[in-house]
Amino acid sequence: MSVPASSPSIPMRGWLRKDGRKGIRNVVAVAYLVECAHHVSRMIVQKSSSDDVHLIGFPGCYPNKYALEMMKRLCTHPNVGAVLLVSLGCESFNREELRRHVHASGRPVDLLVIQQAGGTSKTLNAGLEAVKKMRAAIAGQQPVPMALDELVIGTVCGGSDGTSGITANPAVGRCFDWLIENDARCIFEETGELIGCERIMASRAITPELGREIEACVDKAANYYRIMGYGSFAPGNAEGGLTTLEEKSMGAYSKSGSSPISGLIKPGDIPPRGGLYLLDVVPDGEPRFGFPNISDNAEIVELIACGSHLILFTTGRGSVVGSAISPVIKVCANPDTYERMSEDMDVNAGRILQGAGLDDVGREIYELVQKLAAGEPSNSEALGHQEFILTYKQFEPIGPACLPAA
Amino acid sequence: MTETPIPTGKLPPLLLLHPDDNILVARRDIAAGERVEIDGETFAVPHAVELGHKLARRDIAADARVLKYGAPIGSMKTAVARGEHVHMHNLKSDYIPSTTREPGGH
(Lines give C-alpha, C1' and ligand atoms only; values in the text may rest on other atoms or scores of the structure.)
Protein backbone atom coordinates (compact mmCIF):
# COMPACT_ATOMS: atom_id res chain seq x y z
CA MET A 1 0.00 0.00 0.00
CA SER A 2 1.59 3.26 -1.02
CA VAL A 3 1.02 6.85 -0.03
CA PRO A 4 -1.77 8.47 -2.04
CA ALA A 5 -0.17 10.02 -5.11
CA SER A 6 -2.81 12.70 -5.38
CA SER A 7 -2.02 14.07 -1.93
CA PRO A 8 -0.74 17.64 -2.19
CA SER A 9 2.40 18.58 -0.34
CA ILE A 10 1.26 20.68 2.62
CA PRO A 11 3.90 22.99 4.16
CA MET A 12 4.12 21.84 7.79
CA ARG A 13 6.04 23.96 10.28
CA GLY A 14 7.10 23.69 13.90
CA TRP A 15 8.79 25.53 16.75
CA LEU A 16 12.26 24.06 17.27
CA ARG A 17 13.06 23.15 20.90
CA LYS A 18 16.41 22.68 22.60
CA ASP A 19 16.07 18.86 22.54
CA GLY A 20 15.73 18.91 18.74
CA ARG A 21 11.99 18.18 18.67
CA LYS A 22 9.59 20.59 17.01
CA GLY A 23 6.16 21.66 18.23
CA ILE A 24 3.17 22.32 15.96
CA ARG A 25 1.76 24.73 18.57
CA ASN A 26 3.49 27.22 20.87
CA VAL A 27 1.36 27.37 24.01
CA VAL A 28 1.91 28.58 27.56
CA ALA A 29 0.98 25.84 30.04
CA VAL A 30 -0.36 26.91 33.44
CA ALA A 31 0.01 23.92 35.78
CA TYR A 32 -1.58 23.51 39.21
CA LEU A 33 0.35 21.14 41.44
CA VAL A 34 -2.55 20.21 43.74
CA GLU A 35 -6.34 20.64 43.48
CA CYS A 36 -6.09 23.46 46.05
CA ALA A 37 -4.29 25.55 43.39
CA HIS A 38 -6.74 24.64 40.59
CA HIS A 39 -9.11 27.60 40.88
CA VAL A 40 -6.36 30.22 40.92
CA SER A 41 -4.70 28.53 37.92
CA ARG A 42 -8.00 28.36 36.03
CA MET A 43 -8.57 32.09 36.70
CA ILE A 44 -5.11 32.89 35.34
CA VAL A 45 -5.90 30.94 32.15
CA GLN A 46 -9.38 32.44 31.75
CA LYS A 47 -8.30 36.02 32.37
CA SER A 48 -5.35 35.65 30.00
CA SER A 49 -8.04 35.48 27.28
CA SER A 50 -5.94 33.54 24.80
CA ASP A 51 -6.46 30.18 23.12
CA ASP A 52 -2.72 29.66 23.51
CA VAL A 53 -2.75 29.54 27.32
CA HIS A 54 -3.66 26.01 28.48
CA LEU A 55 -4.55 24.62 31.91
CA ILE A 56 -3.00 21.34 33.09
CA GLY A 57 -2.34 19.94 36.55
CA PHE A 58 -2.37 17.14 39.09
CA PRO A 59 -4.97 17.18 41.88
CA GLY A 60 -3.42 14.88 44.49
CA CYS A 61 -1.65 15.99 47.66
CA TYR A 62 0.25 12.69 48.14
CA PRO A 63 3.46 12.09 46.18
CA ASN A 64 3.35 9.96 43.03
CA LYS A 65 6.34 9.21 40.80
CA TYR A 66 4.15 8.65 37.75
CA ALA A 67 2.45 12.04 38.15
CA LEU A 68 5.78 13.82 38.49
CA GLU A 69 7.18 12.08 35.37
CA MET A 70 3.98 12.84 33.43
CA MET A 71 4.12 16.52 34.42
CA LYS A 72 7.79 16.69 33.39
CA ARG A 73 6.96 15.22 29.97
CA LEU A 74 3.91 17.45 29.51
CA CYS A 75 5.64 20.68 30.56
CA THR A 76 8.49 19.98 28.11
CA HIS A 77 6.25 18.73 25.30
CA PRO A 78 7.30 20.28 21.98
CA ASN A 79 3.91 22.05 21.65
CA VAL A 80 4.65 23.92 24.91
CA GLY A 81 6.70 27.14 24.74
CA ALA A 82 6.63 28.28 28.38
CA VAL A 83 5.30 27.07 31.76
CA LEU A 84 3.80 28.71 34.84
CA LEU A 85 3.63 26.41 37.87
CA VAL A 86 1.10 27.18 40.60
CA SER A 87 1.51 25.54 44.01
CA LEU A 88 -0.57 26.02 47.16
CA GLY A 89 2.56 25.52 49.24
CA CYS A 90 2.01 22.56 51.55
CA GLU A 91 1.39 19.76 49.00
CA SER A 92 4.02 17.09 48.44
CA PHE A 93 4.45 17.53 44.68
CA ASN A 94 8.15 18.06 43.96
CA ARG A 95 7.74 21.52 42.45
CA GLU A 96 11.44 22.36 42.52
CA GLU A 97 12.36 19.25 40.53
CA LEU A 98 9.68 20.10 37.95
CA ARG A 99 10.80 23.73 37.79
CA ARG A 100 14.46 22.72 37.28
CA HIS A 101 13.46 20.22 34.60
CA VAL A 102 11.51 22.82 32.61
CA HIS A 103 14.26 25.40 33.04
CA ALA A 104 16.88 22.92 31.74
CA SER A 105 14.72 22.42 28.62
CA GLY A 106 15.36 26.05 27.68
CA ARG A 107 11.77 27.18 28.25
CA PRO A 108 10.75 30.22 30.28
CA VAL A 109 9.34 28.93 33.60
CA ASP A 110 7.94 30.60 36.69
CA LEU A 111 6.69 29.20 40.00
CA LEU A 112 4.04 30.85 42.17
CA VAL A 113 3.29 29.57 45.67
CA ILE A 114 -0.11 30.82 46.82
CA GLN A 115 0.72 30.70 50.54
CA GLN A 116 3.84 32.81 49.95
CA ALA A 117 2.26 35.16 47.40
CA GLY A 118 -0.46 36.12 49.89
CA GLY A 119 -3.61 34.39 48.65
CA THR A 120 -5.95 34.23 45.67
CA SER A 121 -5.93 37.77 44.25
CA LYS A 122 -2.22 38.38 44.68
CA THR A 123 -1.33 35.07 43.03
CA LEU A 124 -3.81 35.73 40.24
CA ASN A 125 -2.28 39.13 39.51
CA ALA A 126 1.26 37.76 39.66
CA GLY A 127 0.20 34.88 37.39
CA LEU A 128 -1.36 37.18 34.80
CA GLU A 129 1.81 39.26 34.78
CA ALA A 130 3.99 36.14 34.43
CA VAL A 131 1.90 34.75 31.54
CA LYS A 132 2.02 38.12 29.78
CA LYS A 133 5.82 38.18 30.02
CA MET A 134 6.13 34.59 28.82
CA ARG A 135 3.85 35.19 25.87
CA ALA A 136 5.95 38.20 24.89
CA ALA A 137 9.14 36.15 25.31
CA ILE A 138 7.98 33.35 23.00
CA ALA A 139 6.07 35.51 20.51
CA GLY A 140 9.24 36.26 18.59
CA GLN A 141 10.15 32.59 18.07
CA GLN A 142 9.81 31.76 14.38
CA PRO A 143 8.61 28.31 13.30
CA VAL A 144 10.78 26.31 10.89
CA PRO A 145 9.82 23.74 8.22
CA MET A 146 8.83 20.35 9.60
CA ALA A 147 8.65 16.90 7.97
CA LEU A 148 6.43 13.87 8.58
CA ASP A 149 9.34 11.95 10.12
CA GLU A 150 9.38 14.54 12.93
CA LEU A 151 5.73 13.98 13.83
CA VAL A 152 4.32 11.80 16.61
CA ILE A 153 0.62 10.95 16.20
CA GLY A 154 -1.56 9.18 18.75
CA THR A 155 -4.94 7.58 18.21
CA VAL A 156 -7.76 6.88 20.65
CA CYS A 157 -11.42 5.95 20.34
CA GLY A 158 -14.28 7.14 22.53
CA GLY A 159 -18.02 6.56 22.43
CA SER A 160 -17.56 3.59 20.10
CA ASP A 161 -20.52 1.89 18.45
CA GLY A 162 -21.20 -0.77 15.84
CA THR A 163 -19.97 1.53 13.07
CA SER A 164 -16.58 2.43 14.64
CA GLY A 165 -14.79 -0.75 13.65
CA ILE A 166 -16.12 -0.63 10.09
CA THR A 167 -15.54 3.02 9.13
CA ALA A 168 -13.52 5.46 11.28
CA ASN A 169 -11.11 2.98 12.88
CA PRO A 170 -9.92 1.23 9.70
CA ALA A 171 -9.72 4.66 7.97
CA VAL A 172 -7.37 5.87 10.72
CA GLY A 173 -5.47 2.59 10.25
CA ARG A 174 -5.01 3.42 6.56
CA CYS A 175 -3.75 6.90 7.50
CA PHE A 176 -1.37 5.34 10.06
CA ASP A 177 0.08 3.02 7.38
CA TRP A 178 0.85 6.01 5.14
CA LEU A 179 2.30 8.07 7.98
CA ILE A 180 4.55 5.16 8.97
CA GLU A 181 5.72 4.74 5.36
CA ASN A 182 6.94 8.32 5.78
CA ASP A 183 8.73 7.44 9.04
CA ALA A 184 6.27 9.18 11.34
CA ARG A 185 5.90 7.72 14.85
CA CYS A 186 2.37 6.44 15.44
CA ILE A 187 0.95 5.27 18.78
CA PHE A 188 -2.21 3.26 19.50
CA GLU A 189 -3.30 2.27 22.97
CA GLU A 190 -5.58 1.04 25.68
CA THR A 191 -4.51 -2.53 26.17
CA GLY A 192 -7.73 -2.97 28.21
CA GLU A 193 -9.62 -2.23 24.99
CA LEU A 194 -7.52 -4.73 23.03
CA ILE A 195 -8.52 -7.72 25.15
CA GLY A 196 -9.20 -10.52 22.67
CA CYS A 197 -6.72 -9.17 20.08
CA GLU A 198 -3.57 -10.22 21.92
CA ARG A 199 -2.55 -13.11 19.63
CA ILE A 200 -3.19 -11.27 16.36
CA MET A 201 -1.27 -8.28 17.72
CA ALA A 202 1.65 -10.41 18.90
CA SER A 203 1.98 -11.90 15.41
CA ARG A 204 2.63 -8.38 14.05
CA ALA A 205 5.50 -7.64 16.46
CA ILE A 206 8.94 -7.19 14.85
CA THR A 207 10.47 -9.80 17.20
CA PRO A 208 8.96 -12.87 18.94
CA GLU A 209 10.15 -11.45 22.30
CA LEU A 210 8.16 -8.26 21.69
CA GLY A 211 5.17 -10.42 20.72
CA ARG A 212 5.36 -12.18 24.10
CA GLU A 213 5.57 -8.81 25.90
CA ILE A 214 2.43 -7.67 24.05
CA GLU A 215 0.49 -10.81 25.03
CA ALA A 216 1.64 -10.42 28.64
CA CYS A 217 0.55 -6.80 28.79
CA VAL A 218 -2.95 -7.63 27.50
CA ASP A 219 -3.15 -10.43 30.12
CA LYS A 220 -2.19 -7.86 32.74
CA ALA A 221 -4.99 -5.57 31.50
CA ALA A 222 -7.59 -8.36 31.56
CA ASN A 223 -6.60 -9.30 35.10
CA TYR A 224 -6.66 -5.67 36.25
CA TYR A 225 -10.12 -4.98 34.83
CA ARG A 226 -11.48 -8.26 36.25
CA ILE A 227 -10.40 -7.18 39.72
CA MET A 228 -11.93 -3.73 39.19
CA GLY A 229 -15.20 -5.49 38.33
CA TYR A 230 -15.86 -3.75 35.01
CA GLY A 231 -14.31 -3.95 31.57
CA SER A 232 -13.87 -0.90 29.40
CA PHE A 233 -17.39 -1.12 28.06
CA ALA A 234 -19.92 1.73 28.45
CA PRO A 235 -23.72 1.58 28.17
CA GLY A 236 -23.52 3.74 25.02
CA ASN A 237 -21.39 1.06 23.36
CA ALA A 238 -24.28 -1.39 23.77
CA GLU A 239 -26.89 1.10 22.58
CA GLY A 240 -24.79 1.54 19.47
CA GLY A 241 -24.81 -2.17 18.70
CA LEU A 242 -21.67 -3.46 20.41
CA THR A 243 -22.29 -6.43 22.70
CA THR A 244 -19.00 -7.63 24.18
CA LEU A 245 -15.62 -6.25 25.21
CA GLU A 246 -13.80 -8.42 22.65
CA GLU A 247 -16.11 -7.16 19.88
CA LYS A 248 -15.33 -3.58 20.86
CA SER A 249 -11.62 -4.54 20.96
CA MET A 250 -11.61 -5.92 17.41
CA GLY A 251 -13.08 -2.64 16.18
CA ALA A 252 -10.63 -0.53 18.18
CA TYR A 253 -7.71 -2.65 17.01
CA SER A 254 -8.27 -1.67 13.37
CA LYS A 255 -7.03 1.87 14.19
CA SER A 256 -3.54 0.35 14.22
CA GLY A 257 -3.57 -0.31 10.46
CA SER A 258 -1.37 -3.05 9.04
CA SER A 259 2.21 -1.96 9.79
CA PRO A 260 4.48 -4.15 11.92
CA ILE A 261 4.48 -3.27 15.63
CA SER A 262 7.89 -1.78 16.47
CA GLY A 263 7.59 -1.44 20.21
CA LEU A 264 5.60 -1.52 23.43
CA ILE A 265 5.87 1.70 25.45
CA LYS A 266 4.44 3.09 28.70
CA PRO A 267 3.13 6.60 29.47
CA GLY A 268 5.95 9.13 29.05
CA ASP A 269 8.13 6.90 26.81
CA ILE A 270 8.84 8.66 23.52
CA PRO A 271 9.01 6.37 20.46
CA PRO A 272 12.67 6.35 19.37
CA ARG A 273 12.11 6.23 15.59
CA GLY A 274 9.46 5.98 12.88
CA GLY A 275 7.03 3.07 13.21
CA LEU A 276 3.97 1.79 15.05
CA TYR A 277 3.97 1.56 18.86
CA LEU A 278 1.50 0.12 21.35
CA LEU A 279 1.06 2.16 24.54
CA ASP A 280 0.47 0.11 27.69
CA VAL A 281 -1.71 2.29 29.91
CA VAL A 282 -2.59 -0.31 32.57
CA PRO A 283 -0.60 0.16 35.82
CA ASP A 284 1.86 -2.48 37.01
CA GLY A 285 1.45 -4.38 40.24
CA GLU A 286 -1.71 -4.95 42.26
CA PRO A 287 -4.60 -2.58 41.40
CA ARG A 288 -4.46 0.26 43.94
CA PHE A 289 -5.57 3.66 42.63
CA GLY A 290 -8.72 2.75 40.73
CA PHE A 291 -9.51 2.26 37.07
CA PRO A 292 -6.52 2.60 34.71
CA ASN A 293 -8.07 5.51 32.82
CA ILE A 294 -11.29 6.94 34.18
CA SER A 295 -12.23 8.67 30.91
CA ASP A 296 -10.96 9.24 27.35
CA ASN A 297 -8.94 12.35 28.23
CA ALA A 298 -6.76 10.35 30.63
CA GLU A 299 -5.65 8.27 27.62
CA ILE A 300 -5.17 11.38 25.49
CA VAL A 301 -2.93 12.95 28.15
CA GLU A 302 -0.78 9.80 28.20
CA LEU A 303 -0.46 9.82 24.41
CA ILE A 304 0.62 13.46 24.64
CA ALA A 305 3.17 12.61 27.36
CA CYS A 306 4.65 10.16 24.82
CA GLY A 307 5.25 13.14 22.55
CA SER A 308 2.08 13.07 20.40
CA HIS A 309 1.77 16.34 18.48
CA LEU A 310 -1.83 15.60 17.65
CA ILE A 311 -4.48 13.00 18.37
CA LEU A 312 -6.79 11.15 15.97
CA PHE A 313 -9.99 10.50 17.96
CA THR A 314 -12.57 8.19 16.43
CA THR A 315 -16.15 8.22 17.73
CA GLY A 316 -19.43 6.57 16.81
CA ARG A 317 -21.81 7.84 19.49
CA GLY A 318 -20.25 11.31 19.31
CA SER A 319 -17.58 12.74 21.63
CA VAL A 320 -16.91 16.47 21.77
CA VAL A 321 -13.62 16.55 23.71
CA GLY A 322 -10.35 18.15 22.69
CA SER A 323 -7.25 18.45 24.85
CA ALA A 324 -4.81 20.83 26.41
CA ILE A 325 -1.39 20.95 24.68
CA SER A 326 -2.10 18.90 21.51
CA PRO A 327 -4.94 19.33 19.01
CA VAL A 328 -7.52 16.55 18.58
CA ILE A 329 -9.01 15.57 15.20
CA LYS A 330 -12.47 14.02 15.48
CA VAL A 331 -13.18 11.21 12.99
CA CYS A 332 -16.88 10.37 13.15
CA ALA A 333 -17.76 6.74 12.38
CA ASN A 334 -21.54 6.99 12.32
CA PRO A 335 -23.31 8.96 9.55
CA ASP A 336 -26.34 9.73 11.77
CA THR A 337 -24.09 11.07 14.54
CA TYR A 338 -22.20 13.17 11.99
CA GLU A 339 -25.42 14.75 10.85
CA ARG A 340 -26.41 15.61 14.44
CA MET A 341 -22.99 16.80 15.63
CA SER A 342 -21.13 17.93 12.51
CA GLU A 343 -19.83 21.09 14.24
CA ASP A 344 -17.65 18.87 16.45
CA MET A 345 -16.53 16.44 13.76
CA ASP A 346 -13.56 17.02 11.44
CA VAL A 347 -14.10 13.96 9.24
CA ASN A 348 -17.26 12.11 8.23
CA ALA A 349 -16.06 8.50 8.03
CA GLY A 350 -19.69 7.35 8.22
CA ARG A 351 -19.97 7.99 4.50
CA ILE A 352 -18.10 4.71 4.04
CA LEU A 353 -21.39 2.99 4.98
CA GLN A 354 -23.04 4.94 2.18
CA GLY A 355 -20.49 3.75 -0.38
CA ALA A 356 -17.39 5.98 0.00
CA GLY A 357 -13.99 4.27 -0.08
CA LEU A 358 -11.84 3.55 2.96
CA ASP A 359 -8.83 4.95 1.07
CA ASP A 360 -10.63 8.23 0.35
CA VAL A 361 -11.44 8.79 4.01
CA GLY A 362 -7.95 7.63 5.03
CA ARG A 363 -6.46 10.18 2.64
CA GLU A 364 -8.67 12.93 4.04
CA ILE A 365 -7.34 12.18 7.57
CA TYR A 366 -3.76 11.96 6.27
CA GLU A 367 -4.07 15.40 4.67
CA LEU A 368 -5.79 16.85 7.72
CA VAL A 369 -2.87 15.76 9.92
CA GLN A 370 -0.58 17.80 7.69
CA LYS A 371 -2.95 20.79 7.61
CA LEU A 372 -3.01 20.88 11.41
CA ALA A 373 0.79 20.76 11.43
CA ALA A 374 0.68 23.68 8.99
CA GLY A 375 -1.31 25.70 11.53
CA GLU A 376 -4.98 25.02 10.77
CA PRO A 377 -7.08 24.50 13.91
CA SER A 378 -9.16 21.35 14.40
CA ASN A 379 -12.87 21.77 15.21
CA SER A 380 -12.41 20.98 18.90
CA GLU A 381 -9.57 23.52 19.06
CA ALA A 382 -11.70 26.19 17.38
CA LEU A 383 -14.54 25.42 19.83
CA GLY A 384 -12.15 25.97 22.76
CA HIS A 385 -11.95 22.38 24.01
CA GLN A 386 -8.90 21.94 26.27
CA GLU A 387 -9.86 19.03 28.53
CA PHE A 388 -7.22 17.57 30.80
CA ILE A 389 -7.12 14.88 33.48
CA LEU A 390 -4.26 13.22 35.35
CA THR A 391 -4.69 10.75 38.21
CA TYR A 392 -2.58 8.42 40.38
CA LYS A 393 -0.86 5.41 38.79
CA GLN A 394 2.16 3.20 39.20
CA PHE A 395 4.43 1.79 36.50
CA GLU A 396 7.65 -0.18 36.28
CA PRO A 397 10.02 0.81 33.43
CA ILE A 398 9.64 -1.18 30.17
CA GLY A 399 11.84 -4.25 29.73
CA PRO A 400 14.60 -4.64 27.09
CA ALA A 401 12.39 -6.73 24.74
CA CYS A 402 9.84 -3.90 24.43
CA LEU A 403 11.93 -1.71 22.12
CA PRO A 404 14.00 -3.96 19.85
CA ALA A 405 16.74 -2.19 17.88
CA ALA A 406 15.71 -1.24 14.35
CA MET B 1 -12.59 19.31 2.97
CA THR B 2 -12.72 16.94 0.00
CA GLU B 3 -16.01 15.06 -0.12
CA THR B 4 -15.92 11.85 -2.11
CA PRO B 5 -18.94 11.50 -4.35
CA ILE B 6 -21.17 8.78 -2.98
CA PRO B 7 -22.06 6.19 -5.60
CA THR B 8 -25.73 6.09 -6.41
CA GLY B 9 -27.69 2.87 -6.60
CA LYS B 10 -29.02 0.62 -3.92
CA LEU B 11 -26.57 -0.49 -1.25
CA PRO B 12 -27.41 -3.74 0.56
CA PRO B 13 -28.63 -3.01 4.12
CA LEU B 14 -26.51 -5.80 5.63
CA LEU B 15 -22.72 -6.07 5.67
CA LEU B 16 -20.73 -9.29 5.80
CA LEU B 17 -17.38 -8.25 7.28
CA HIS B 18 -15.56 -11.58 6.85
CA PRO B 19 -16.47 -14.80 4.99
CA ASP B 20 -16.24 -16.86 8.22
CA ASP B 21 -18.68 -14.63 10.13
CA ASN B 22 -21.99 -15.99 11.41
CA ILE B 23 -23.42 -12.50 11.93
CA LEU B 24 -24.14 -9.55 9.64
CA VAL B 25 -24.02 -5.83 10.52
CA ALA B 26 -26.80 -3.36 9.71
CA ARG B 27 -25.50 -0.63 7.43
CA ARG B 28 -28.59 1.48 8.25
CA ASP B 29 -31.71 1.16 10.41
CA ILE B 30 -33.81 -1.80 9.21
CA ALA B 31 -37.57 -1.92 9.90
CA ALA B 32 -39.36 -5.01 11.24
CA GLY B 33 -40.63 -7.07 8.33
CA GLU B 34 -38.27 -5.45 5.81
CA ARG B 35 -37.09 -7.95 3.24
CA VAL B 36 -33.33 -8.32 3.04
CA GLU B 37 -31.02 -10.71 1.28
CA ILE B 38 -28.94 -13.14 3.33
CA ASP B 39 -26.52 -15.29 1.30
CA GLY B 40 -28.66 -15.00 -1.80
CA GLU B 41 -31.98 -15.79 -0.13
CA THR B 42 -34.62 -13.17 0.55
CA PHE B 43 -35.66 -13.05 4.16
CA ALA B 44 -38.06 -10.89 6.24
CA VAL B 45 -36.32 -9.41 9.30
CA PRO B 46 -38.50 -10.30 12.34
CA HIS B 47 -37.56 -7.28 14.52
CA ALA B 48 -36.30 -3.77 13.78
CA VAL B 49 -32.49 -3.57 13.82
CA GLU B 50 -30.62 -0.28 14.30
CA LEU B 51 -27.55 0.90 12.41
CA GLY B 52 -24.40 -0.86 13.67
CA HIS B 53 -26.31 -3.74 15.31
CA LYS B 54 -25.89 -7.42 14.41
CA LEU B 55 -28.20 -10.13 13.20
CA ALA B 56 -27.66 -13.85 12.76
CA ARG B 57 -26.49 -14.90 9.31
CA ARG B 58 -27.61 -18.47 10.03
CA ASP B 59 -29.06 -20.42 12.97
CA ILE B 60 -26.56 -20.32 15.86
CA ALA B 61 -26.68 -22.83 18.73
CA ALA B 62 -26.44 -21.97 22.42
CA ASP B 63 -22.79 -21.82 23.61
CA ALA B 64 -21.54 -21.45 20.01
CA ARG B 65 -18.89 -18.83 19.28
CA VAL B 66 -19.99 -15.73 17.39
CA LEU B 67 -17.55 -14.58 14.71
CA LYS B 68 -17.23 -10.96 13.50
CA TYR B 69 -14.28 -9.68 11.43
CA GLY B 70 -13.47 -13.42 11.34
CA ALA B 71 -12.64 -13.29 15.05
CA PRO B 72 -14.56 -14.62 18.09
CA ILE B 73 -16.50 -11.86 19.88
CA GLY B 74 -18.23 -14.03 22.53
CA SER B 75 -20.57 -17.01 22.99
CA MET B 76 -24.32 -17.38 22.61
CA LYS B 77 -26.30 -17.59 25.88
CA THR B 78 -29.26 -19.02 23.95
CA ALA B 79 -29.78 -20.31 20.42
CA VAL B 80 -30.89 -17.85 17.72
CA ALA B 81 -32.51 -18.37 14.35
CA ARG B 82 -31.31 -16.77 11.16
CA GLY B 83 -32.24 -13.08 10.90
CA GLU B 84 -32.66 -12.54 14.63
CA HIS B 85 -31.01 -9.70 16.53
CA VAL B 86 -27.76 -10.80 18.22
CA HIS B 87 -27.05 -8.57 21.20
CA MET B 88 -26.94 -8.28 25.01
CA HIS B 89 -29.96 -10.57 25.53
CA ASN B 90 -28.38 -13.60 23.83
CA LEU B 91 -24.61 -13.01 23.45
CA LYS B 92 -22.01 -12.82 26.24
CA SER B 93 -18.32 -11.99 26.52
CA ASP B 94 -15.78 -14.79 26.97
CA TYR B 95 -13.62 -12.29 28.90
CA ILE B 96 -15.38 -9.68 31.11
CA PRO B 97 -19.18 -9.20 31.29
CA SER B 98 -20.58 -6.03 29.69
CA THR B 99 -22.51 -3.47 31.74
CA THR B 100 -25.54 -1.43 30.76
CA ARG B 101 -27.58 1.29 32.45
CA GLU B 102 -31.27 1.98 32.73
CA PRO B 103 -32.59 2.90 29.28
CA GLY B 104 -34.08 6.33 28.67
CA GLY B 105 -32.80 9.89 28.80
CA HIS B 106 -34.53 11.03 25.65
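Predicted model: local features only at pLDDT ≥ 70, side-chain atom pairs only at ≥ 80, totals over all residues.

Visitor: Why is α6(A) called oblique to α13(A)?

Guide: Angles under 35 degrees count as roughly parallel, and 65 to 115 as roughly perpendicular. The crossing is at roughly 60 degrees, which makes α6(A) oblique to α13(A). As for its hand, α6(A) passes α13(A) in a right-handed crossing.

Visitor: Which residues meet where α6(A) and α13(A) touch?

Guide: From α6(A) come P170(A), A171(A), V172(A), R174(A), C175(A), W178(A) and L179(A). Their partners in α13(A) are L358(A), D359(A), V361(A), G362(A), I365(A) and Y366(A). By class, this contact has 10 nonpolar, 1 polar and 2 charged residues.

Visitor: What makes helix α11 of chain A largely enclosed?

Guide: A residue is buried if 20 or more other C-beta atoms lie within 10 Å of its own. In α11(A) (residues 296-305), 10 of the 10 residues are buried, so the helix is largely enclosed by the rest of the structure. Among them are D296(A), E299(A) and E302(A), along with I300(A), V301(A) and L303(A).

Visitor: What covers the buried residues of α11(A)?

Guide: The cover includes helix α2 (65-75) and the strands β8 (152-157), β9 (185-189), β11 (275-279), β12 (310-315) and β13 (328-332), of chain A. After α11(A) comes G307(A), with a positive phi near 100 degrees.

Visitor: How do you know whether the radius of gyration of chain A agrees with that of a compact globule?

Guide: For 406 residues, a compact globule would have a radius of gyration near 22 Å; chain A has 20 Å, so the value agrees. The C-alpha trace of chain A spans about 60 × 50 × 45 Å along its principal axes, and 59% of its residues count as buried. Chain A holds 14 helices and 14 strands.

Visitor: What makes up the side of chain A that touches chain B?

Guide: In total, 33 residues of chain A are in contact with 33 residues of chain B. On the chain A side, α8 (208-228), α9 (235-239), α10 (245-253) and α13 each supply at least two residues. The most come from α10(A), with 4 residues. By class, that side has 12 nonpolar, 13 polar and 8 charged residues.

Technical notes. Residues numbered from 1 in each chain as written. Chains lettered and ligands numbered in written order. Axes fitted to C-alpha atoms, helices over the stretch in contact; angles between N-to-C directions. Parallel < 35°, antiparallel > 145°, perpendicular 65-115°, else oblique. Left-handed = near helix turned anticlockwise from the far one by under 90°. Contact = placed C-beta atoms within 7 Å. Nonpolar A, V, L, I, M, F, W, Y, C, P; charged D, E, K, R; others polar. Rg over C-alpha atoms; globule rule 2.2 N^0.38 Å. Buried ≥ 20, exposed ≤ 12 C-beta atoms within 10 Å, placed from the backbone.
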